[in-house]
Amino acid sequence: MLMYYNVGFYLSIACIVLGLIFLAIYIVEKCRGYSAKMVVLKSRVSLCFIACGMCGLLFKGVGLFSVLMIMGLVFGFAGDIWLDLKLIAGENERRYTYQGFRSFMAGHVCFIIAIMSTFGGFEKPMFPICAIILGIVIGLLIIVIGEKTGLDFGEYKLISSVYGCLVFFMAFLAGAYTLQNGFSSISSLLIFIAGILFAISDIVLSQMYFGKNNDTKARIAMNNILYYAAQFVMAMSVVLFVC
């Protein structure tokens, strides 16, 4: 078993290193301008975080947590492609934007189900209830603050609000169960960390998409580094999961 653990773990690290190389190339290409080549490069980075999570199955076997987390990563991969296609889509931009939102939301629903089915549930209802309340309050607050600072969400205000609440709910839920279980699972802690990284990257992305002249090279790099850090941390929560 130790041998398989080492194989899976080291393969996951190799996926992360390869993903970071592809990410660096992708960021450079994106800073130069939007192109079809950029979409291909981004898909390679996303495939690396899926492969990283799949490495966990090499020695942990197929279980509900692993399957749901991999599904969430796959939805994240789809969301990546939709949102980059949006940037070169022309008249289909609206369609691709909504598809991107839906894919990411589906992924976070998978993560939430994985968290609740593995680390908690409703035995102590105050934990998920508080996470839901905090997620809704902070998710909506981010939208309000964004509008006050000049962001124009337009027709995407509703779906942006729902998505923001979902991201914060997932992060707080993982954090709540990590506390409830006395930090006994590294996986729930990693999901909490990933959730916070997702939230910060989405705040930066909102500045880029809905602000004026905010699509700077610094923001492009920051958004992608934070986002992919979150996805790879999610993947490692599968690799390091202990049943």
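**Exercise 1. With which side chain does the side chain of S188 make a polar contact?**

A word on the model before we start: it is predicted, local features need pLDDT of at least 70, and side-chain atom pairs count only at pLDDT 80 or more, while totals for chains, interfaces and linings use all residues. Residues are numbered from 1 along each chain as its sequence is written, and side-chain values use heavy atoms, with hydrogens and water left out.

*Solution.* 
- Step 1: look for its polar partner, which is the side chain of T178 at 2.9 Å. (A polar contact is a pair of N or O atoms within 3.5 Å, where one must be able to donate a hydrogen and the other to accept it; residues adjacent in sequence count only if both atoms are side-chain atoms.)
- Step 2: check accessibility. S188 has 1% relative accessibility and so counts as buried (under 20%; exposed is over 50%, partly exposed in between, with a 1.4 Å probe and protein chains only).

**Exercise 2. Describe how α5 and α8 pack.**

*Solution.* 
- Step 1: take the angle, about 155 degrees, and the 11 Å between the axes of α5 (residues 93–119) and α8 (residues 186–210). Axes are lines fitted to C-alpha atoms over the stretch in contact, and angles run from 0 to 180 degrees between N-to-C directions.
- Step 2: the helices are therefore roughly antiparallel (over 145 degrees).
- Step 3: list the contact residues (heavy atoms within 4.5 Å): H108, F111, I115 and F119 of α5 with S187, S188, I191 and F198 of α8.

Note on methods
Helices (H or I, at least four residues) and strands (E, at least two) are DSSP runs, numbered from the N terminus. Angles under 35 degrees count as roughly parallel, over 145 as roughly antiparallel, 65 to 115 as roughly perpendicular and the rest as oblique.
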